[in-house]
Amino acid sequence: MVEILTVSTGRQGLFEFTAQVQALVDRSGTEEGLCTLLIQHTSASLTIQENADPSAQHDLERWLARLVPENDSLYTHTFEGADDMPAHIKSALTSTSLSIPIKSGRLCLGTWQGVFCWEHRHHASSRKIAVHIGR
Amino acid sequence: MVEILTVSTGRQGLFEFTAQVQALVDRSGTEEGLCTLLIQHTSASLTIQENADPSAQHDLERWLARLVPENDSLYTHTFEGADDMPAHIKSALTSTSLSIPIKSGRLCLGTWQGVFCWEHRHHASSRKIAVHIGR
Amino acid sequence: MVEILTVSTGRQGLFEFTAQVQALVDRSGTEEGLCTLLIQHTSASLTIQENADPSAQHDLERWLARLVPENDSLYTHTFEGADDMPAHIKSALTSTSLSIPIKSGRLCLGTWQGVFCWEHRHHASSRKIAVHIGR
């Protein structure tokens, strides 16, 4: 099964969508298998991170923003906005695809793990993620 | 087939577990297929790196420790210890899931490639990795 | 189906090979499924990036070269050349494996996404990539 999920973003940051993915797994009826996600953009990415304490997500976002600042004089690709080239770099440093085993009909995530869309642009409204569920 | 592997760590660093993964592939009887790993933690990660020369692993660990130091004044998520927030960041910069094709019953790795659990905390004793083997 | 693709590189940089992967998907006759790539090297990597504007690729390469320079006094693994240890680090920060859903016989990539081999060494002539196509 291949489906396209839409995740609303609207601002830079981490947006959890674990429940949307698990709902697709439920609908597929897969008891044991593999769920693979691919984000169809190059200025947003995917990550699996702690979903319990928002301070961890907050620090992660700020750390990466400091490593890859806007208005770096190195950038020549600037005509799409000051946040565009940093977004491509952040995307390359994190994940475009992720795969999660499924057991007993559930995503095999750890207790504190959530699946996040990481929006790297200021004004993108939503992102598309292709999801494959197989055995 | 979905199984959970346990890799002993105990200190920061790279711990190779290629043989444990190949043993699961052997047990599954899969001649051609795909083996996918997901680490069920957000303060340790996965990487495929050179397994021949320990100096390459050593430099890799030290380089990442310098990029993501402890006690950075940026961190607000500090109550789980000075090594916790750097561990989440290192995890986001490396891999949470990895997929390896299987051919003739063997993981299709290059000659010098090994599969490693990268422990980012000082005192974690072991890590769980979900493994899916499919065709 | 598992096949080995060869991508010519020859110098540091991003080399797109989306067409080679789509040709394998075509040959497999897969209408809906999953295509997984694993690069069999630890001094080159994979990335999905914008394939429209070469300036984005150029900035990405230069940014990573600045983050991970040659001749850093931290390196002890130096006998394979000044570009070897930076290549391992760059490989760890980007991707060794990538998975792309297939729908209606096409890789489910976004409009501007291309699949690239990222060569991190100055004089490597080509790289091998294991490709699994499944349902």
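1. Contact in this note means heavy atoms within 4.5 Å. Helices (H or I, at least four residues) and strands (E, at least two) are DSSP runs, numbered from the N terminus. Axes are lines fitted to C-alpha atoms, for helices over the stretch in contact, and angles run from 0 to 180 degrees between N-to-C directions.

2. The model is predicted: local features need pLDDT of at least 70, side-chain atom pairs count only at pLDDT 80 or more, and totals for chains, interfaces and linings use all residues. Residues are numbered from 1 along each chain as its sequence is written, chains are lettered from A and ligands numbered from 1 in the order in which they are written, and side-chain values use heavy atoms, with hydrogens and water left out.

3. In chain A, an open antiparallel sheet is built from three strands in the order β2-β7-β4; two strands pair if DSSP finds at least two bridges between them. The edges are held by β2 (13-16) and β4 (44-50) of chain A, each with a single partner strand, so one side of each has no neighbour in the sheet. On average, neighbouring strands of this sheet are turned by 35° against each other, direction ignored.

4. Seven bridges join β4(A) to β7 (residues 113-119) of chain A in the antiparallel sense. A:A44 has A:E119 in β7(A) as its bridge partner. Across β4 and β7 of chain A lies helix α3 (residues 84-93) of chain B, which runs at about 140° to β4(A).

5. The copies use different surfaces, and 10% of the contact residues of chain A recur in chain C.

6. The contact between these chains takes 29 residues from chain A and 32 residues from chain C. About 2500 Å² is buried between them, 58% of it from carbon and sulfur atoms (accessible area, 1.4 Å probe, lost on being put together and summed over both parts).

7. One salt bridge is found across the interface of chain A and chain C (a side-chain nitrogen of Lys or Arg within 4 Å of a carboxyl oxygen of Asp or Glu). C:R66 forms a salt bridge with A:D72, with the closest N and O atoms 2.5 Å apart. On the side of chain A that touches chain C, α3(A) supplies the largest share, six residues.

Methods. Buried area is the accessible area (1.4 Å probe) that two parts lose on being put together, summed over both.
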